[in-house]
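Reader: I'd like to learn how to read a model like this one. Could you walk me through it?

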Amino acid sequence: MILLHYLLCALLLYSPTVTYGQMDGDCGKPASAALTEGNKAEQREAELARVREMASEIIQERAKHKHTYSRKAKSKNANDASGFVVITDYIPDAVVELRYFSNYNFVGTRVDAYEEPVAICTREAAEALKKVADDLRQKGYLLKIFDSYRPQAAVDHFVRWSKDLRDMKMKDDFYPSFHDKTTLFPTYIAKHSGHSKGSTIDLTIVNAATLEDVDMGGTFDFFGNRSHYAFKGVTAQQAANRKLLHDAMVKHGFNYYSSEWWHFTLKNQPYPKTYFTFSVSTKHFK
C-alpha cells in the first residue's frame, strides 16, 4: 500500500505544472481555499518523501552496475559533464532530498533543468565529500543532500520568479520578513550561482539509525538571520549540531557560507570560472 501511495503521488505531483499548494496531503482530493497548518505539513512531508523515494530508486538501480570515473576526465565547456559524477556513486548511503526537483521549495514548483532527483558535483568535490561522510558515519550520522550542482537554467528560473511580485505563495515558509522579493538579492539569490560551478553542496546530517534530521535550529533555504551559521538564537545543542557539520566539511577542504549553515564550497574547486548548463540527470553518467 505504501508503494501504491508513492506511485499515486508521483503521477499527481511529478508534472512541473503542478505547484506546491495545489494538492492537499491526501493525493486524490482537491486543495481547499486555505490549507490548515496540519494539512500543509502533511503535504510537505508527502512531497519530500516522494522525492526521497524516487532518489532511492535511482541509487538502487545504479548500485547494480559498477560506475568508474576517470581521474583524468575534465569538462571542456559549460555543457560538458565529463568532470562531474553522481555523488551517491561515491556515497551510496547518502539521503538525497533534492528540493529543486520537488514542489516544496521557495519557488513552489519543480525548477527548470532538474530532470531527476540526483545529486551531481565535480569529481573533486565528491571525493572530498566522501571523506566527510566516512567521518560522520563513525559518529552515527549520514549525509542528506538538498542541492549540489545547479544548472544556469535553474538560476535563471529563480531570477524570473523573483520579478513576479504577485507570486508570494511560499512566503510564509521561506521568506516571511521579505515583502519585496527583489530584496533577496544578492544575499540569497544571484544571477549566477556558485552551485553552477559544480563544487558547492547544500546539505545536513541525519541520524543513521532513524534517518531523522538532526536539529539545526532552522530549515533549509529559510531567508533570514536564523539561517546564519553563527545565529545566537539557537539552543546550545542546535549550535553544536551546526558545528559538527561545519567542522567535518571544513576539515576536508570545504569553505562555509556564513549566511547559510547548510552551504559549503570546495576550497580548490576545479572550475572556478565556469557556470555549467547541462541538466540534472543521470543521462550524462551511463
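Reader: Okay, which residue in S7 is the bridge partner of Phe-254?

Author: Leu-266 is the partner of Phe-254 there. Before we go on, this is a predicted model, where local features need pLDDT of at least 70 and side-chain atom pairs count only at pLDDT 80 or more, while totals for chains, interfaces and linings use all residues. Residues are numbered from 1 along each chain as its sequence is written, and side-chain values use heavy atoms, with hydrogens and water left out.

Reader: How many bridges join S6 to S7?

Author: Strands are DSSP runs of E with at least two residues, helices are runs of H or I with at least four, and both are numbered from the N terminus. Two strands pair if DSSP finds at least two bridges between them. Here S6 (residues 254–257) and S7 (residues 260–266) run antiparallel, joined by four bridges. They form a hairpin, with two residues between them.

Reader: Which strands does S4 pair with?

Author: S2 (residues 95–96) pairs with S4 in the parallel sense over two bridges, and S5 (residues 200–207) is antiparallel to S4, with six bridges. Look at Ile-145: Val-96 is its bridge partner on one side, and Leu-203 in S5 stands opposite Ile-145 too.

Reader: Why is S4 largely enclosed?

Author: Buried means under 20% relative accessible area, exposed means over 50%, and partly exposed is in between (1.4 Å probe, protein chains only). Six of the seven residues of S4 (residues 141–147) are buried, so the rest of the structure largely encloses this strand.

Reader: And which residues touch the most other members of the largest nonpolar core?

Author: A nonpolar core is a set of buried Ala, Val, Leu, Ile, Met, Phe, Trp, Tyr and Cys residues joined through side-chain atoms within 4.5 Å. The largest one has 67 residues, and Phe-106, Leu-129, Leu-143 and Phe-254 touch the most other members. Helix H4 (residues 123–137) gives the largest share of this core, seven residues. Take Leu-129: leaving out residues up to four places away in sequence, its contacts (heavy atoms within 4.5 Å) include Leu-143, Ile-145, Leu-203 and Phe-254.
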